[in-house]
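Let's walk through a structure together, one feature at a time. Have the viewer open as we go.

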Amino acid sequence: MDIYDVLIRDFPFLLKGLGVAIVLLAALLVIGFVLGMSICLLQLYGPKTRLLQWPLLLYERVFRGVPIIIMLFIFYYGISGVYDISAFAAAILAMGLRSAAYQSQIFRSAFQSVPAGQMMAARAMGMSKAKAIRHIIFPQAARHAIGPWTNEFSSEIKETSLAYVIGVVELTRQAHYIITSTQGNVLIVFAVVALLYFVLNRAGNSLLYAYERKLAVPGFEK
Amino acid sequence: MKGITTSLFRSVTVAAVALVGSSLSTTVSAQDPYTVGVEASFPPWAYVESGEFKGIAIDAMQAIADEMGIDIQFQDMPFPSLIPALSAEKIDILATGLTVTEERSKAIDFTIPWWETNDVVLVPEDSDLNVFTAVCCGARIGVQGGSSQQAWMEENVVGSDIDVELAKYDSYVTAVDDMAIGRISSVIVDDTSAQEYINAGKAIEIAGKIYIRAPLALAVSKGDPQDILASLNQGIMAIYESGKWQEIINHYIPGITPPAIPGNMPDFVDTYAKPVAGLPELGNE
């Protein structure tokens, strides 16, 4: 059986691996979005006390500053001492928390790109801070954030391939299976895997760009 | 405008809760089948073909589990993660081509040895290197990271005045492929795997053998918290005596006579002191 027959026979398993990668990706992006947005809002509009701001800054610096592979090991083996966490949950948590640190800074730049005068104007018209953020600042910031957010999306897809180090059988690990059970063919198998990652990446980014176009305010497109 | 804000927040929050909930609930509790950790990119010991675990360690472990009357499930992990996972009790049993070493015996408990390997020096087929010229004089030598071959090389060769450099790989298959490209001049691997690569038609040859008589065994967490070491030892003897072991070996490496079980039991392993768990008549005095 040559490698192409094996690839065709085992293609469903590569797709299964891709499925695991997609679930991991979706989960980590969602955690990153919720937490990252909260951090951004607290950093920009929360109380300016050191008690709140310093821990946020520390969190963001630490999670942006430590390689994800180290984080995976720390979360998998570290949490195991207190709670019997599965490899998949540990991967989601480690990568989600790290993505939150990155996303918080994407959102911060987007919020800060809305001129400060708009907040003052909204407050002068009698809107509360929360209302002004929700109705005036956020809709503009969200539009600014999509572009840089595609970057985060693209890099996280690729980072899911590292989850195999703690035993998550995603696309890259499935490819390893084919390579080792056929004793080689590194180039062909990884070329197919690269193509799968690329297609996923392009599909996701196309959707995000389409969303960006849909949200574009007539007359304000750049 | 309001629509985007609220619906986006709401759907994202719901999805987050659902995803975290479902993923956390996949963790295993103590009553579930025993988790057997394997490195599934290590033929003929353990590998995956068409989504199914295969290999000597897989089939033998299944046969032993049948003898013991326990349920097992396999969990694949890269080799360098397996021993930490066993120490942290993320897995209950480690079943792969696992070499017994003194350092490892301090972190995990070994069953009786079920195999014995010696290491070989692999070189490209067209190479005129012999076992001495392949491991000297500025050569770059490939090993699998965290393997016993790496430890042996570091202990006996790299530290001495022989001028060699070790290249550490994730798996031996990539190391052998890298040798074909010419990035490294030789690969040190156990004789069982080497025979596999040659049988698979790779353009390599064995330049020489390093007799280390390294025992291979299964392992459990240190202190045997699940209390399964004794039954594992008895299970290994049972499949050896029933001929099932020979049958599995013949299936994966035709024409080889497996070493007798129990094999060479080094003194430095505390679980090999007499009496061995489950087999009280065995062990080092």
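A: Start with contacts: two residues are in contact if their C-beta atoms, placed from the backbone, lie within 7 Å. Apart from residues up to four places away in sequence, A:Leu72 touches A:Ala90, A:Ala91, A:Ala94, A:Leu162, A:Ala163, A:Val165 and A:Ile166. Keep in mind that this is a predicted model, where local features need pLDDT of at least 70, side-chain atom pairs count only at pLDDT 80 or more, and totals for chains, interfaces and linings use all residues. Residues are numbered from 1 along each chain as its sequence is written, with chains lettered from A and ligands numbered from 1 in the order in which they are written.

Q: Which residues of the largest nonpolar core touch the most other members?

A: A residue is buried with 20 or more other C-beta atoms within 10 Å of its own, exposed with 12 or fewer, and partly exposed in between (C-beta atoms are placed from the backbone). A nonpolar core is a set of buried Ala, Val, Leu, Ile, Met, Phe, Trp, Tyr and Cys residues joined through C-beta atoms within 7 Å. Here that core has 133 residues, and A:Leu72, A:Ala90, A:Ala91, A:Ile92 and B:Leu94 touch the most other members. Helix H4 (residues 87-112) of chain A gives the most to this core, with 16 residues.

Q: How many helices and strands does chain B have?

A: Helices (H or I, at least four residues) and strands (E, at least two) are DSSP runs, numbered from the N terminus. Chain B has 10 helices and 13 strands. Of its 285 residues, 44% count as buried.

Q: What is the strand order in the open sheet of chain B?

A: Strands of a sheet pair through backbone hydrogen bonds, either parallel or antiparallel. The criterion for a pair is at least two DSSP bridges between the strands. In chain B, five strands run in the order S5-S1-S6-S13-S7, with mixed pairing. S5 (72-76) and S7 (108-110) of chain B stand at the edges with a single partner strand each, so one side of each has no neighbour in the sheet. Strands S1 (residues 34-38) and S6 (residues 93-94) of chain B run parallel, joined by two bridges. Look for B:Val36 opposite B:Ile93 in S6(B).

Q: How many residues of chain B are in contact with chain A?

A: 38 residues of chain B are in contact with 35 of chain A. H1(B) gives the most to chain B's side, with 10 residues.

Q: Which residues of H7(B) are buried?

A: Look for B:Tyr172, B:Val173, B:Ala175, B:Val176, B:Asp177 and B:Met179. Just after H7(B), B:Gly182 takes a positive phi of about 105 degrees.
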